[in-house]
Amino acid sequence: MAHAVKNLFPQAKVAIGPSIADGFYYDFDIDRAFTPEDLIAIENEMESIIKKNSPFLRREMTKDEAMSLFAEAGEIYKVELLQSIEAETVTVYDEDGFMDLCRGPHLPSTGRIAAVKLLSIAGAYWRGDEKNKMLQRIYGTAFNNPKDLKKYLDFLEEVKKRDHRRLGKELDLFSINEEVGPGLILWHPNGAMIRKTIEDFWRDEHQKAGYKLLYSPHIARLDVWKTSGHLDFYNENMFAPMEVEGTPYELKPMNCPFHIYIYKNSLRSYREFPIRYAELGTVYRFERSGVLHGLLRVRGFTQDDAHIFTREDQIEAEILQVLDFILFILRTFGFEQFETYLSTRPEKYVGSDEHWQKATTALEDALKAKGLSYNIDSGGGAFYGPKIDIKVKDSLGRAWQCSTIQVDFNLPERFNMTYRGSDGKEHRPIMVHRALMGSLERFFGVLVEHYAGAFPLWLAPVQVSVVTISEKHGEYAEKIASGLLQKGIRVELDADDEKVGNKIRKSTVKKIPYAIVVGDKEMEQNSLSLRKRNGENVGPFAIDELISFLCEEINLRR
Ligand code: ZN
């Protein structure tokens with residue numbers, strides 16, 4: 001691609017061009033922005049380079065030789081790259097006169113490239129630094145055969161269709177308003193209804209699992225974050241402090257300290273353990289505007305957070321219970337495949353070797369007991385304890401980080417947490433941080449893409465639309481709609497003076513799971529059919545049957 005760009009735009013300077021997960025990119029310094037037409041021309045030029053089947057020749061040379069080679073060609077970025085390389089010798093690849101600095105390896109010749117496609121253009125600062133010059137980046141991908149390329153392009157098309165930012169607008173779920181601030185989510189009625197349904201489910205299940213539900217404030221004195229250590233090791237993710245009556249306060253980046261203060265509010269005995277505190281706690285973290293992305297990377301989000309305080313002898317049973325809970329919750333949302341990671345002790349750590357050993361074994365035994373296959377991220381744990389991370393795989397096979405279970409030996413120490421043991425002495429509790437969904441905003445974004453906006457009945461903001469064939473059916477339709485509403489079913493009545501076909505189409509576009517069409521036949525026979533959003537029909541039902549059919553599907557969260 002770089003060769004093709006140089007052929008068409010000799011004034012362009014080549015900067016850096018690595019391979020990435022699904023393809024490659026190259027950055028160019030050029031006095032104009034590339035256009036979609038340019039991409040087509042570059043792709044055509046690439047095809048003719050491929051046809052020539054010219055070999056990639058590997059040349060080893062000293063760094064100085066390479067520097068004068070690229071300096072002569074006016075390739076200042078290559079010279080700068082070479083200046084930062086420490087090795088004495090470097091490799092340069094020569095393809096029909098086009099030279100590039102590269103470690104290799106390469107294909108033997110250009111003719112081996114079976115399927116290639118340029119995908120997009122973006123601006124990118126040289127070396128990712130906004131103080132440097134903005135370069136033009138071209139993304140592309142290549143495959144072993146045209147069939148695999150086609151498959152990948154279809155996948156990208158599907159990804160685009162399911163983009164939660166696009167569906168969020170189409171289904172009126174949420175928005176981000178620059179006047180309010182980037183990275184801050186406004187939940188619209190439809191999105192808010194889904195969130196409320198998720199929250200209700202979450203709270204009910206936590207109560208059943210023996211958790212106590214908490215609320216905590218959004219700001220706290222800066223001293224809290226000094227004690228917790230966040231000010232030292234998390235400062236760059238925190239917003240600047242604000243001053244209240246001469247005392248600095250800070251927006252909370254985490255919920256943990258508040259739960260600790262609730263724990264410390266009374267003397268604790270070994271008999272009370274384990275203590276499980278859960279909160280849908282909204283936190284604020286500073287992220288650069290350049291990395292913000294819809295619901296997936298934001299500045300304010302709600303963690304489905306919990307802290308478990310246990311004795312040493314309880315840790316294993318506790319981890320097992322959390323793991324069960326995670327799988328139950330994630331499966332309820334339709335996720336069946338998981339990628340699991342166990343992260344062990346890093347070089348720098350706090351806590352005794354014995355504690356680390358016990359906690360890591362407890363995490364690993366729990367994974368084994370659940371039959372989950374897992375990868376070990378050796379040394380990848382936090383300095384304060386080992387952890388389990390679980391990614392879910394969505395309907396397109398993409399993995400998303402959601403759940404985490406982290407053992408913590410640090411905060412109980414820093415906050416001097418104790419309990420009275422059965423021996424009458426003071427002991428330190430072990431603290432476990434855990435989240436199932438991670439962040440409600442992010443999880444919601446993943447759900448939107450996973451379901452492509454077609455939420456299952458229990459989550460759908462509007463569950464049933466009642467559609468009239470003509471004006472004379474309005475009264476009967478209203479009776480049915482209010483009957484459903486009384487049973488807690490979220491219903492929308494469409495009695496507009498419009499063709500019934502249009503009204504059904506509108507219901508389908510909004511991805512409402514069921515439509516009920518009301519006409520003469522339905523009124524006479526007092527029976528109703530449900531039309532699924534995919535066009536299938538269920539029924540007919542008497543009204544009572546219809547309600548219990550819907551309630552069953554909602555309660556089973558199918
Ligand atoms: Zn925590």
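Visitor: Exposed means over 50% relative accessible area, buried means under 20%, and partly exposed lies in between (1.4 Å probe, protein chains only). By that rule, is Lys131 buried or exposed?

Guide: Lys131 is exposed, because its relative accessible area is 75%. Please note that this is a predicted model, in which local features need pLDDT of at least 70 and side-chain atom pairs count only at pLDDT 80 or more, while totals for chains, interfaces and linings use all residues. Residues are numbered from 1 along each chain as its sequence is written, and side-chain values use heavy atoms, with hydrogens and water left out.

Visitor: Where is Lys131 placed?

Guide: Lys131 is in the loop between strand S7 (115-125) and strand S8 (134-143). Helices (H or I, at least four residues) and strands (E, at least two) are DSSP runs, numbered from the N terminus. Lys131 and Arg112 are 19 residues apart along the chain, and their C-alpha atoms are separated by 39 Å.

Visitor: And the whole protein: how many helices and strands are there?

Guide: The protein has 18 helices and 28 strands. Its C-alpha atoms fill a box of roughly 85 × 75 × 55 Å, taken along the principal axes. Of the 558 residues, 48% are buried.

Visitor: What share of the contacts between residues at least 6 apart joins residues at least 24 apart?

Guide: That share is 68%. Contact here means heavy atoms within 4.5 Å.

Visitor: Now the helices, please. At what angle do H3 and H4 cross?

Guide: Axes are lines fitted to C-alpha atoms, for helices over the stretch in contact, and angles run from 0 to 180 degrees between N-to-C directions. Angles under 35 degrees count as roughly parallel, over 145 as roughly antiparallel, 65 to 115 as roughly perpendicular and the rest as oblique. Helix H3 (residues 63-72) and helix H4 (residues 76-83) cross at roughly 160°, and their axes come within 8 Å. The two helices are therefore roughly antiparallel to each other.

Visitor: Which residues of H3 and H4 meet?

Guide: From H3, Lys63, Ala66, Met67, Phe70 and Ala71 meet Lys78, Val79, Leu82 and Gln83 of H4. This contact of H3 with H4 comprises six nonpolar, one polar and two charged residues. Ala, Val, Leu, Ile, Met, Phe, Trp, Tyr, Cys and Pro count as nonpolar, Asp, Glu, Lys and Arg as charged, and the others, Gly among them, as polar.

Visitor: How do H7 and H11 pack?

Guide: Helix H7 (residues 189-208) packs on helix H11 (residues 315-332) at an angle of about 155°, with the axes 12 Å apart. That angle makes H7 roughly antiparallel to H11. Phe201, Glu205 and His206 of H7 meet Phe325, Phe328, Ile329 and Thr332 of H11. By class, this contact has four nonpolar, two polar and one charged residues.

Visitor: On to strands. Why is S26 described as largely enclosed?

Guide: Strand S26 (residues 514-518) has five of its five residues buried, so the rest of the structure largely encloses the strand. In a regular strand the side chains alternate between the two faces of the sheet. In S26 both faces are covered, with Tyr514, Ile516 and Val518 buried on one side and Ala515 and Val517 buried on the other.

Visitor: In which sense does S24 pair with S26?

Guide: Two strands pair if DSSP finds at least two bridges between them. Strand S24 (residues 464-468) pairs with S26 in the parallel sense over five bridges, and Val467 has Val517 as its bridge partner in S26. S26 and strand S27 (residues 528-532) run antiparallel and are joined by three bridges. There, Tyr514 stands opposite Lys532 of S27.

Visitor: What is the order of the open sheet of three strands?

Guide: The order is S4-S5-S6, with antiparallel pairing. Strand S4 (56-62) and strand S6 (98-101) are the edge strands, each pairing on one side only. From one strand to the next, the twist averages 30°. S4 pairs with strand S5 (residues 89-95) over seven bridges, and Phe56 stands opposite Glu95 in S5.

Visitor: And which order has the open sheet of eight strands?

Guide: That sheet runs S11-S15-S16-S23-S20-S19-S17-S18, with mixed pairing. Strand S11 (212-213) and strand S18 (374-377) stand at its edges with a single partner strand each, so one side of each has no neighbour in the sheet. S11 pairs with strand S15 (residues 275-284) in the parallel sense over two bridges, where Lys212 has Tyr277 as its bridge partner.
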